[in-house]
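I opened the model to look up confidence, sheet order, helix packing and cores. My entries follow in the order I made them.

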Amino acid sequence: MLIAPESLTNGASIDSLLALRVVIVDGDSTADWINILHPNTRLLSVNSLSQALKQLELGKADVLINDGADTYPNMGELVDRQLGALPLPDVQTSLRFAVPKDDPLRSSLIAKAMNQITDLQYSQLQSRWLNREHASSALFLSDDERHYLNSLPALRVAYDPGWYPVSFINAQGQMDGLTNEYFKNIVDRLGLKTVTVTSKKWKQTLFSMASGNADIILPVTYAESSHGTVLYTRPLVFFSNVIVTSGLRVSRLAELNGKPIVVSDPLYLRDQLHAMLPYSRIEVADSPEEGMQQVLDGKALAYIGNLTVINDLMHKRFSGILQIVAPVDISGDLSIGVISEYAPLLPLINRALRTITKEEREAINKKWLHATPHGQRVMGLYQAVAMAFFSCRFDRQCLDNLFLPSSTP
């Protein structure tokens with residue numbers, strides 16, 4: 001199998017991932033598959049699976065290739081590390097129980113028991129333990145888990161009302177957008193009862209959570225609550241943050257240190273920028289649109305925020321007058337936040353997320369990320385920039401060429 005951060009494995013092809021830096025454990029049976037079918041792959045060899053995972057953690061490798069013999073017993077660790085797994089074409093690994101050679105009776109009893117496992121039971125086991133690329137759409141819940149879910153009250157959901165197309169409240173006053181599609185899948189799979197906590201601004205959404213007036217918040221990277229710790233699910237979606245200016249040439253975030261900046265997130269993004277740009281004045285706007293307008297009005301030198309949200313606003317209001325000039329190395333991963341009172345709900349949400357199939361995810365993403373105001377399913381200029389940024393993310397020169405103006409006509 002191929003193992004990489006979920007931000008890479010989401011929708012990526014095997015060939016594109018093998019073009020990155022690959023680590024493999026010495027003696028692994030997939031070495032022949034790489035050497036023969038993918039001879040141009042850059043390989044780093046280490047002595048153990050733990051060393052290979054460490055290379056991923058340190059950023060010295062992007063992808064781990066493994067035959068599964070060491071990996072399958074550690075699938076839980078992969079989930080904890082937010083690593084995704086993809087099957088390798090033409091490579092299969094069979095795992096079996098091992099018993100002493102002088103104990104044939106035990107071997108035959110195990111074989112008999114294995115033959116009695118039904119297809120439904122296999123599907124339930126896959127749903128519970130394997131990564132979403134391998135999982136069935138069926139969600140297995142124990143009797144205790146079903147009892148817990150049935151005992152829950154209507155959960156109060158705080159939702160960002162103005163972050164189109166990622167999240168917004170539609171004309172009917174209902175939650176809508178990309179992340180709501182994922183959330184509806186989770187609610188349906190777990191049979192949750194929910195009620196929306198209304199707010200007009202993201203600041204108010206965060207305050208609802210902080211003041212104990214909400215049990216769940218989304219989409220979020222970080223939130224606070226005085227009524228318990230906020231716990232986070234595995235990411236629903238992965239986005240990039242970028243810098244927007246009215247024409248000022250900026251190639252990297254550090255060049256803005258000491259300059260006035262505006263954001264629309266009063267917690268996570270602002271705090272990250274305060275740490276990275278200690279001499280900058282960082283204002284918080286009520287919305288991305290207001291923040292970008294402040295740049296246009298000269299009240300701030302740059303707006304920093306989510307590329308997908310900015311993409312929509314560029315098409316609607318700021319095309320030709322504002323520019324995306326550089327990426328920002330600050331995580332744009334978005335999760336569901338759950339108050340610690342409902343901590344047992346968190347692993348159930350994660351398991352429900354893993355049952356959303358690749359095809360379902362692709363359909364959701366296509367619906368919200370490739371749409372124009374006229375309903376055409378096409379990729380906009382700025383979404384193309386996002387994909388180009390993804391392909392360049394490990395190459396500094398490539399990023400410079402992508403975001404700096406060309407010197408040729």
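Entry 1, confidence. I then took the average: the protein chain comes to a pLDDT of 82, with 80% of the residues scoring at least 70. Residues 131-136 also have a pLDDT below 50; that stretch makes 29 contacts in the model beyond near neighbours in sequence. I note for both that where pLDDT is low, the predicted coordinates should not be read in detail.

Entry 2, the sheet. In what order do the 5 strands of the open sheet stand? I read the order as S3-S2-S4-S1-S5, with mixed pairing. Strand S3 (42-46) and strand S5 (83-86) are at the edges and have a single partner strand each, so one side of each lacks a neighbour in the sheet. Direction ignored, neighbouring strands of this sheet are turned by 30 degrees against each other on average.

I looked at one pair more carefully. Strand S2 (residues 21-25) and S3 run parallel and are joined by 5 bridges. Opposite Val22 I find Leu43 in S3.

Helix H4 (residues 49-58) lies across strand S1 (2-5), S2, S3, strand S4 (63-65) and S5. Against S4, helix H4 runs at about 160 degrees.

Which residues of H12 (residues 288-296) are buried? I list Pro288, Gly291, Met292, Gln294 and Val295. Down the axis of H12 these buried residues fall within an arc of 150 degrees, so they line one face of the helix. I checked what covers them: the cover includes strand S7 (162-163), strand S13 (241-245), strand S14 (261-263), strand S16 (302-306) and helix H13 (307-318). Gly298 follows H12 and has a positive phi, near 80 degrees.

The largest nonpolar core has 65 residues. Those with the most contacts inside that core are Leu190, Ile216, Leu218, Met292, Ile336 and Leu345; Met292 is also among the buried residues of H12. A second, separate core has 17 residues, including Leu253, Leu277, Val325 and Ile330.

Leaving aside residues up to four places away in sequence, Leu218 touches Val157, Ala158, Tyr159, Asp160, Met175, Thr179, Phe183, Trp202, Leu236, Ser335 and Ile336. As background, nonpolar side chains tend to be buried together in soluble globular proteins.

Note on methods:
Residues are numbered from 1 along each chain as its sequence is written. Side-chain values use heavy atoms; hydrogens and water are left out. Buried means under 20% relative accessible area, exposed over 50%, partly exposed in between (1.4 Å probe, protein chains only). Helices (H or I, at least four residues) and strands (E, at least two) are DSSP runs, numbered from the N terminus. The arc is that of the directions from the helix axis to the C-beta atoms. Contact means heavy atoms within 4.5 Å. Two strands pair if DSSP finds at least two bridges between them. Axes are lines fitted to C-alpha atoms, for helices over the stretch in contact, and angles run from 0 to 180 degrees between N-to-C directions. A nonpolar core is a set of buried Ala, Val, Leu, Ile, Met, Phe, Trp, Tyr and Cys residues joined through side-chain atoms within 4.5 Å. pLDDT is the predictor's confidence in each residue, from 0 to 100.
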